[in-house]
Amino acid sequence: MDSINIIFVRYNWINMLDVVVGGGYGDEGKGKVVSYLAIKDKVAVNARAGVGPNAGHTVIYEGKNYKVRQIPSGFVNPSAKLLIGSGVLIDPEILMKEINEFSVTGRLVVDSHCSIIEPAHKEADRNDEYLSKKISTTGTGCGPAQVDRVKRVAKQAHDAESLKEMVGDVPEIINSAADNKERVIIEATQGTFLSLYHGSYPFVTSKDTTASAACSDVGIGPGKVDNVIVVFKSFLTRVGNGPLEGEISPAEAKQLNMLEFGTVTGRQRRAAPFSKELAKRSIMLNGATQVAITKLDTLYPSAAGVKRMDALGEEPRAFIENLEKELKVPITLVGTGGEAEDMIDMRKEKGF
Ligand code: IMP
Ligand code: MG
């Protein structure tokens, strides 16, 4: 009897629960990838993981530019249920602003165990010489709030009056969606090499940022994950201090169209060419089953807006094909512009 049950479980197996995680130093284009999937796959549930409002995800959909720091990027699909996992820090002020701006009332659930960022955390982050100067944090209070969480003196979402209407049990919702074979996307934030455990310590954020941490953040066990999609930009950027191998000057970055500015802080991002070595390590640390490459059009302007692999020029196509051979993980999604739908989607033909 038992073996028959097991066979039935496998028979129903389908790629339903994906984790989208950054493969670099953040700002790889996770917002774009998640918003694309949310629309294209008619995602039922999009849960945000990661540190908190230190992350800014950019979504461009139907000509409009959105920046989200707390709510999941899949909000652009009006039927997606939106969750914020217990691992995530909440700045109630920023969250309320986004709720009012992005019409998500009634479909957003914040886990009752989320920790709260208070004004004193932000002051501490900005006034502490070590954090603000040496590490050059985002100043959003995340590190000091984590300290209070670890000291077990932090306020939680269920203590905050302003969050009363939206507090709930995220693990329960996301696990029952997974059990019902609904399409679920877990959206990690920051990037692999900003991980407190696996990044370039001390120039890192205040917790682990790999796919495993994202699962833990939302209360999903690893056995329920179908795919880990690691997102790489076609070049590297980094904001704040810390090593960046092959870093180019801002002038060169500007010339190559690689000059970017931080979503949260507005700081100029440092830039470097794509690193296959870092990518391979990131694939290992996250257990990647698929790779997404964004901003191919920055390296190859002729790729702008292309939606099919066979419509790409020879050079950009060779770049993707050679990279896939080296990384040994299928490249299934290739971003060719800012709009969510500027995407070459090869998931079907590659068996996903
Ligand atoms: P914190 O996370 O604000 O404590 O900042 C620690 C380091 O992580 C700094 O170098 C930040 O610039 C960087 N960082 C944190 N969040 C992000 C992000 O979402 N994108 C890029 N860099 C980030
Ligand atoms: Mg960002």
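Q: How do the residues of the lining of the second largest pocket divide into nonpolar, polar and charged?

A: Let's start with the general idea. Rolling a probe the size of a water molecule over the atoms shows where empty space is left. Keep in mind that this is a predicted model. In the lining of the second largest pocket, 3 residues are nonpolar, 12 are polar and 10 are charged.

Q: Which residues lie closest to the centre of that second largest pocket, and how many line it?

A: The lining counts 25 residues, and those closest to the centre are Gly29, Thr58, Glu260, Arg269 and Lys295. The space in this pocket comes to about 560 Å³.

Q: Now for the largest pocket: how much space lies in it?

A: The largest pocket holds about 830 Å³ of space. Its lining is made of 42 residues, and Asn54, Thr137, Val204, Thr205 and Ser206 lie nearest its centre. Helix H5 (129-135) and helix H6 (142-150) are the elements that give two or more residues to this lining. The largest share, 7 residues, comes from H6. Sorted by class, the lining has 17 nonpolar, 18 polar and 7 charged residues.

Q: Where does ligand 1 sit?

A: Ligand 1 sits in the largest pocket. To see its surroundings, look at the residues around the ligand: there are 15, and the closest are Asp27, Asn54, Thr138, Thr205 and Arg267. By class, this shell contains 6 nonpolar, 7 polar and 2 charged residues.

Q: Which side chain has an N or O atom 2.9 Å from an oxygen atom of ligand 1?

A: That is the side chain of Arg267. When you read such contacts, check which atoms are involved on each side. For Gln190, an N or O atom in the side chain is 3.1 Å from a nitrogen atom of ligand 1. For Val239, it is a backbone N or O atom that lies 3.1 Å from an oxygen atom of the ligand.

Q: How much of the area that ligand 1 exposes when taken alone does the protein bury?

A: The protein buries 96% of it, and the area exposed by the ligand alone is 460 Å².

Q: How many cavities of 30 Å³ or more does the structure hold?

A: It holds 2 cavities of that kind. A cavity is a space where the probe fits but cannot get out, whereas a pocket is open. The largest cavity has a volume of about 100 Å³. Its lining has 16 residues, and the closest to its centre are Gly24, Phe232, Lys233, Phe235 and Leu236. Strand S11 (227-233), strand S12 (235-238) and helix H10 (276-286) are the elements that give two or more residues to the lining of this cavity. By class, that lining has 8 nonpolar, 5 polar and 3 charged residues.

Q: Which residues line the second largest cavity?

A: They are Ala49, Gly50, Ala188, Thr189, Asp208, Thr209, Ala214 and Asp217. This cavity has a volume of about 30 Å³, and its lining divides into 3 nonpolar, 3 polar and 2 charged residues.

Q: What is phi of Lys42?

A: Phi of Lys42 is near 50°, a positive value in a residue other than glycine. You can find Lys42 in the loop between H2 and strand S2 (45-48).

Notes. Residues numbered from 1 in each chain as written. Chains lettered and ligands numbered in written order. Predicted model: local features only at pLDDT ≥ 70, side-chain atom pairs only at ≥ 80, totals over all residues. Heavy atoms only, no water. Near = heavy atom within 4 Å. Polar contact = N/O pair within 3.5 Å; in protein donor to acceptor, adjacent residues only side chain to side chain. Areas by Shrake-Rupley, 256 points an atom, 1.4 Å probe, with all protein chains shown as cover. 1 Å grid on protein atoms, 1.4 Å probe; cavity = no way out; pocket = protein on both sides within 12 Å on 5 of 7 lines; lining within 4 Å. Sits in = over half its atoms within 2 Å of the grid points. Nonpolar A, V, L, I, M, F, W, Y, C, P; charged D, E, K, R; others polar. Points joined across faces, edges and corners; volume = space filled by probe spheres on them. Helix = DSSP H or I, 4+ residues; strand = E, 2+ residues; numbered from the N terminus.
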